[in-house]
Amino acid sequence: MIRRSFRGKVVAITGAAGGLGKALAHRFGREGASIAALDRTEADLVELAADLSGAGIAVRTFVCDVTDEAACRQAIHGAEEAFGRIDVLINNAGITHRSSFAGTSADVVKRVVEVNLFGTIHCTHAALPALLKTGGQVIGISSVAGIAPLPARTGYAASKHALHGFLGSLRTEVADKGVGVMLVCPTFIATGIERNALGPDGRPAGKPQVRMGKQATADEVADSIVTAAMRNESLVFTSALGRVSFWLNAIAPRLYERIVARKFRQEL
């Protein structure tokens with residue numbers, strides 16, 4: 001088994017300025033990596049850069065909306081030019097919605113898919129030549145919604161299921177070239193993604209979030225991701241609930257559907 005070290009490596013992270021992205025930047029930085037931080041908001045990137053620099057972590061920032069293919073190419077190529085290499089791409093940028101499909105505008109679903117799926121496609125396509133040079137690694141931040149049903153998040157689940165199809169198939173193309181591909185399936189994390197969930201019309205959902213299991217911190221999930229990346233794993237569950245959901249849905253899908261339908265009924 002390949003055991004990866006990140007000392008002296010370059011890690012590019014989308015959605016890097018907050019939540020899990022920020023935790024990943026600090027965690028990989030503590031392993032000796034330099035960070036190429038991509039995010040939409042320049043002010044947030046400035047704050048992140050100050051935090052990382054203060055911790056002795058080398059960082060370059062790039063303003064980038066992952067739904068803009070040209071912006072992704074510019075940011076990724078800028079990162080490679082700045083550091084001379086890219087060893088890891090973490091596709092972390094993401095959004096969700098909380099609304100029943102029947103009442104949700106198709107534009108909301110499209111927006112979620114554009115960020116979660118096409119953002120990953122854009123950045124991965126731009127970074128792949130650099131990763132092939134370094135024998136690097138692509139990491140996709142999925143969700144338990146990528147491997148099992150999750151009511152009130154049909155667009156989100158669609159984007160994450162598609163992410164598994166995309167990155168899983170990419171793995172078959174690049175494994176013999178030394179590039180690793182890892183999918184991470186967290187459950188609920190204490191970050192802004194659920195607080196900023198879209199409602200059926202694209203405005204903030206504004207309704208209470210229902211959760212299953214313990215809500216993990218961003219730092220806890222980042223620790224799990226770094227450990228799994230070192231081991232070059234391909235599918236990672238960051239909680240026992242994620243593993244149980246995967247296997248229960250595989251073995252007894254109708255039972256799993258009844259459980260989550262009852263649990264999340266108030267969000268519909």
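Predicted model: local features only at pLDDT ≥ 70, side-chain atom pairs only at ≥ 80, totals over all residues.

Reader: Is L183 buried or exposed?
Author: Buried. Its relative accessible area is 3%, and the cut-off for buried is under 20%.

Reader: Which residues is L183 in contact with, leaving aside its neighbours within four places in sequence?
Author: G140, S142, L163, H164, L167, G168, R171, S234, L235 and V236.

Reader: And V138? How many residues apart in sequence are L183 and V138?
Author: They are 45 residues apart in sequence. In space, their C-alpha atoms are 8.5 Å apart.

Reader: What about the whole chain? How many helices and strands does it have?
Author: The protein chain has nine helices and seven strands.

Reader: What radius of gyration does it have, and what would a compact globule have?
Author: The chain has 18 Å. A compact globule with 268 residues would be near 18 Å, so the two agree. The C-alpha atoms fill a box of roughly 50 × 40 × 30 Å along the principal axes.

Reader: What share of the residues is buried?
Author: Buried residues make up 51% of the 268.

Reader: Now contacts. What share comes from residues 24 or more positions apart?
Author: 75%, counting contacts with a separation of 6 or more.

Reader: Back inside. Which residues touch the most other members of the largest nonpolar core?
Author: F28, I35, I90 and I139. That core has 36 residues.

Reader: Which elements give two or more residues to this core?
Author: The strands are β1 (10–14), β2 (34–39), β4 (88–91), β5 (137–141) and β6 (180–185). The helices are α1 (19–30), α2 (42–54) and α7 (218–230). The largest share, eight residues, comes from α7.

Reader: Pick I139. What is it in contact with, beyond four places in sequence?
Author: I139 is in contact with F28, V88, L89, I90, N91, M182, V184 and A229.

Reader: What other core lies apart from the largest one?
Author: One of 29 residues. Its members include F62, V66, C123 and A126.

Key:
Residues numbered from 1 in each chain as written. Heavy atoms only, no water. Helix = DSSP H or I, 4+ residues; strand = E, 2+ residues; numbered from the N terminus. Rg over C-alpha atoms; globule rule 2.2 N^0.38 Å. Buried < 20%, exposed > 50% of the residue type's maximum accessible area, 1.4 Å probe, protein only. Contact = heavy atoms within 4.5 Å. Core = buried A, V, L, I, M, F, W, Y, C linked by side-chain atoms within 4.5 Å.
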